[in-house]
Amino acid sequence: MYNANAYSAASATSPLAGTTIARRDLTEHDVQIEILFCGICHSDLHSVRNEWSSIMPTVYPIVPGHEIVGRVTKVGSAVTNYQPGGLAAVGCLIDSDGTCPQCKAGLEQFCPSLTLTFNSPDKHLGGVTYGGYSDSIVVDERFVLRVPSNLDLAGAAPLLCAGITTYSPMRHWAVTKDKRVGIVGLGGLGHMGVKFAHALGAHVVVFTTSPNKKEDALRLGANEVVISRNPDEMKKHAGSFDFILDAVSAEHDINAYINLLRRDGNLTLVGAPAKPLGVSAFGLIMGRRSLSGSNIGGIRETQEMLDFCGAHNITADVEVIPIQQVNEAYERLLKADVKYRFSIDMASIKSE
Ligand SMILES: NC(=O)c1ccc[n+]([C@@H]2O[C@H](COP(=O)([O-])OP(=O)(O)OC[C@H]3O[C@@H](n4cnc5c(N)ncnc54)[C@H](OP(=O)(O)O)[C@@H]3O)[C@@H](O)[C@H]2O)c1
Ligand SMILES: [Zn+2]
Ligand SMILES: [Zn+2]
């Protein structure tokens, strides 16, 4: 074992603060990565504050972070795809059983015994896994991803969660040229959704509660922007969408969006508000519409997404911050005030 620098929270009401954590010695299949950038996902905040306590209670101390890019520092003897000095990335998953039907289908994110990057039982060291708000991590080669060399690293980090979480449902629901696609909530996930839908050739409409994001939405690739608090603007789009991606982190009226779907249209929830959402049966019945969810993506599809981003030169729009500003960043996330993802420059942790 060795010590790594990290930022952790001691309880649901404590701020994140500097600490040291143990990382395992490398097994033959492991890759050790010096973390250069880690994105801040709203799921980090939900977890730090134990907002999902009924589904996945937080074990403290928690070291969040699952949007990791860095440089390989060491590899185990059986590792073939990574060498010291090369770039590597890690997302939300770091292990699974590899044998269940989900894993066999390349959908490790649904494996009943998957290990998440943070707040999951740690099979090697006991306790729980510690995530990317740290300067070093050790991960099994099967869960390490390749970063296209043309991408800016600070902007590439958020692809590992915000990117795959929006890319995967768009592929599953066949977002293609000329489909009408709605994106609800222009945050970290939402802005990646706009970029992917635009790159896939769709007609993209952004629904936002923040009038000041209108210009940005158009620049990111939206064809139209709707201020969702304006009922007249909403009405104009009734019954018109093939697919809507809902990436809102807080309680909101989902029926307003279901009503915007055309016949057989689909609304996929990726946002994960703590409280259940009320769904009107009639919105679904009328028009045979469907409501579904989606959870990140498997390793194979995450690599496909990264390669797609390399080919289309897609990264997240990031505000790069030192780790010392993480608590302030969380407060801004709660106010929907981020353009459009915080990416922590992990060099800052060395100055602690
Ligand atoms: N399914 C998955 O696999 C998965 C993966 C990652 C994250 N998530 C979840 O997805 C959600 C979004 O994550 P994120 O990192 O993109 O968060 P984020 O950057 O904070 O963005 C959330 C956006 O939701 C909108 N919003 C916030 N509060 C709202 C309210 N009260 N009413 C209506 N809209 C509101 C805001 O957009 P506007 O300003 O445009 O209105 C905000 O920018 C979180 O719940 C997160 O846990 C799920
Ligand atoms: Zn995330
Ligand atoms: Zn499995």
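This is a predicted model: local features need pLDDT of at least 70, side-chain atom pairs count only at pLDDT 80 or more; totals for chains, interfaces and linings use all residues.
**Entry 1: ligand 1**

I started at ligand 1 and found one of its nitrogen atoms 2.9 Å from a polar backbone atom of Val270. I count that as a polar contact, meaning a pair of N or O atoms within 3.5 Å; within protein, one must be able to donate a hydrogen and the other to accept it, and residues adjacent in sequence count only if both atoms are side-chain atoms. Arg341 places a polar side-chain atom 2.6 Å from an oxygen atom of ligand 1. I then listed the surroundings of ligand 1 and got 30 residues, the closest being His42, Thr208, Thr209, Ser210 and Arg341. For that list, a residue is near if one of its heavy atoms lies within 4 Å of the molecule.

Residues are numbered from 1 along each chain as its sequence is written, chains are lettered from A and ligands numbered from 1 in the order in which they are written, and side-chain values use heavy atoms, with hydrogens and water left out.

**Entry 2: the zinc ion that is ligand 2**

Which residues coordinate the zinc ion (ligand 2)? I found Cys41 (SG), His66 (NE2) and Cys161 (SG), at 2.0 to 2.2 Å. Donors here are N, O and S atoms within 2.8 Å of the metal (3.2 Å for Na, K and Ca); water is not among the atoms, so sites may look incomplete. Along the chain, the donors of this zinc ion (ligand 2) have the spacing C-x24-H-x94-C. Cys41 sits in the loop between β3 (30-40) and α1 (42-48), and Cys161 in the loop between α3 (153-156) and α4 (162-172), so this pair links distant parts of the chain, 120 residues apart. My element labels follow DSSP runs, numbered from the N terminus: helices are H or I with at least four residues, strands are E with at least two. Cys41 and Cys161 are both buried. Buried means under 20% relative accessible area, exposed over 50%, and partly exposed in between (1.4 Å probe, protein chains only).

**Entry 3: the zinc ion that is ligand 3**

Next I looked up the zinc ion (ligand 3), which is coordinated by Asp97 (OD), Cys100 (SG), Cys103 (SG) and Cys111 (SG), at 2.0 to 2.3 Å. Why does the arrangement count as tetrahedral? The reason is that the 4 donor atoms subtend angles of 101 to 116°, and four donors count as tetrahedral if all angles lie between 85 and 135 degrees. The sequence spacing of these donor residues is D-x2-C-x2-C-x7-C. Asp97 lies in the loop between β6 (93-95) and α2 (101-104) and Cys111 in the loop between α2 and β7, so the pair ties together parts that are 14 residues apart in sequence. Asp97 is partly exposed at 32% relative accessibility, whereas Cys111 is buried at 3%.

**Entry 4: salt bridges**

How many salt bridges does a search of the whole structure find? The search returns 20, each being a side-chain nitrogen of Lys or Arg within 4 Å of a carboxyl oxygen of Asp or Glu. I picked out a few.

- Asp317 pairs with Arg219, the closest N and O atoms being 3.1 Å apart. The two link distant parts of the chain, 98 residues apart, with Asp317 in the loop between α10 (299-312) and β15 (318-322) and Arg219 in helix α6 (residues 214-220). Asp317 is buried at 18% relative accessibility, while Arg219 is exposed at 52%.
- A network of salt bridges links Lys195, Asp216, Arg219, Asp317 and Lys339.
- Lys177 pairs with Asp178 at 3.7 Å between the closest N and O atoms; Lys177 is exposed at 60%, and Asp178 is exposed at 59%.

**Entry 5: Asp135**

Asp135 forms a salt bridge with Lys350 (3.8 Å, N to O). The partners are 215 residues apart, Asp135 in the loop between β7 (115-116) and β8 (136-140) and Lys350 in the segment after β16 (341-345). Is Asp135 buried or exposed? Asp135 is buried at 10% relative accessible area, and Lys350 is partly exposed at 48%. The side chain of Asp135 also makes a polar contact of 2.9 Å with that of Asn5.

Terms used: Four donors count as tetrahedral if all angles lie between 85 and 135 degrees; four count as square planar and six as octahedral if opposite donors are over 155 degrees apart and all others between 65 and 115; anything else is irregular.
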